[in-house]
Amino acid sequence: MTLLEFKDLHVTYTGSRGRIPAVRGVNLKVAAGETVGIAGESGCGKSTLAMAVLRLLPKSAEVTGQILLDGEDLLAMGWGRLRAVRWTGASIVFQGAMHSLNAVHRIGRQVAEPILLHEKTTPAAAAKRAEALLERVGLPPSRARSFPHELSGGQRQRVMIAMALACDPDLIIADEATTALDVMVQAQVLQLISDLVTERGVGLVMISHDLSVLSSVCDRAAVMYAGRIVEQGPAHEVFTNARHPYSAALGAAFPVIGDPAARKNPGGLAGDPPDPKRLPGGCSFRPRCAVAVERCGEEHPELLEVDTARVSACFVAQEGEPIVVR
Ligand code: ADP
Ligand code: MG
């Protein structure tokens, strides 16, 4: 059953700096209980896509297309319904827990808040649930009495996960949720997210620029470049046997554990993604691409099936050629 579906989603920021097409026609489905990774360098439109789901984008963002959650169009929803869907239908874990938590309120109160807001329950019962949630994310329940500054970065990120789970949503979006943590803590928090997703059967959209993070958690992966999905398929396949030169280059920059090609191909990708205001003609990745052919400068490649359950927006892959980056 489809839990979340993006249908031809476009997001354009407008303002004094002109029009910035940040997301350009994304189609993506997430099944109930499924874990889907979204990869791509900074600036490729990942956070814009995530924030569009709960309508957290600024007013300057023009959004077209559809985002269906359980078949209901989030973009057409009234504010009352949307408030109910936030937390209980879908919730987001962002990167910077310090900015998302309220510095002057105790942790327990902040975790209990969405429960009190969305469920008919007493403050005492909500406080108890908050403690149980803190325990589930690996914090002693006594931490409920702490303030955010009394916790480490990893502990704060665990609190954010507890909050995201508070109202039992069907979908969690984690946007670079472990990026600010050091490697050991990152591995623990990833394991926690992975366990919780399995235990509760929630759908997870995990966003990261780091493929090794996604490959340890996700069933399926989509790679974004310049506002578009350029490859999509089973996560392990996409990361270890890429069918788009951008995925291949990302894989080389963020080696996936257990990928023999990663050792032969260290290094990565020179340059930056294009400025959305000055997109090159043809394929957006062409200026950085090692395998580009003439056609790549002339037309934009559509996302087409190149393998079982795998789509790629690359003419070379679509011709059946192997994608070898250097
Ligand atoms: P990512 O999460 O992949 O790093 P973002 O979605 O944050 O990408 O950004 C995509 C593009 O949209 C970038 O070019 C960024 O500069 C631009 N952008 C993001 N937020 C805003 C905003 N509020 N106003 C104008 N442009 C924005
Ligand atoms: Mg981002």
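The following chat discusses a predicted model and its ligand.

Biologist: What are the ground rules for this model?

Modeller: The model is predicted; local features need pLDDT of at least 70, side-chain atom pairs count only at pLDDT 80 or more, and totals for chains, interfaces and linings use all residues. Residues are numbered from 1 along each chain as its sequence is written, chains are lettered from A and ligands numbered from 1 in the order in which they are written, and side-chain values use heavy atoms, with hydrogens and water left out.

Biologist: Which residues are closest to ligand 1?

Modeller: Gly43, Gly45, Lys46, Ser47 and Thr48 are the closest of the 13 residues that surround ligand 1; a residue counts if one of its heavy atoms lies within 4 Å.

Biologist: Which element gives the largest share of that shell?

Modeller: Helix α1 does, with three residues. Both β2 (18-31) and α1 (46-53) supply at least two residues each. Helices (H or I, at least four residues) and strands (E, at least two) are DSSP runs, numbered from the N terminus.

Biologist: What polar contacts does ligand 1 have with glycine 43 and lysine 46?

Modeller: A polar contact is a pair of N or O atoms within 3.5 Å; within protein, one must be able to donate a hydrogen and the other to accept it, and residues adjacent in sequence count only if both atoms are side-chain atoms. A polar backbone atom of glycine 43 is 2.6 Å from an oxygen atom of ligand 1, and a polar side-chain atom of lysine 46 lies 2.8 Å from an oxygen atom of the ligand.

Biologist: Changing topic, is α6 mostly covered or mostly open?

Modeller: Mostly covered: eleven of its 13 residues are buried, meaning under 20% relative accessible area, with exposed over 50% and partly exposed in between (1.4 Å probe, protein chains only). Ile161 and Met163 are among the buried ones.

Biologist: Which residues touch the most other members of the largest nonpolar core?

Modeller: Leu4, Phe6, Val111, Ile161 and Met206 do, out of 102 residues. The largest share of this core, seven residues, comes from α6. A nonpolar core is a set of buried Ala, Val, Leu, Ile, Met, Phe, Trp, Tyr and Cys residues joined through side-chain atoms within 4.5 Å.

Biologist: Lastly, is threonine 88 buried or partly exposed?

Modeller: Threonine 88 is partly exposed, at 29% relative accessible area, and lies in helix α2 (residues 79-88).
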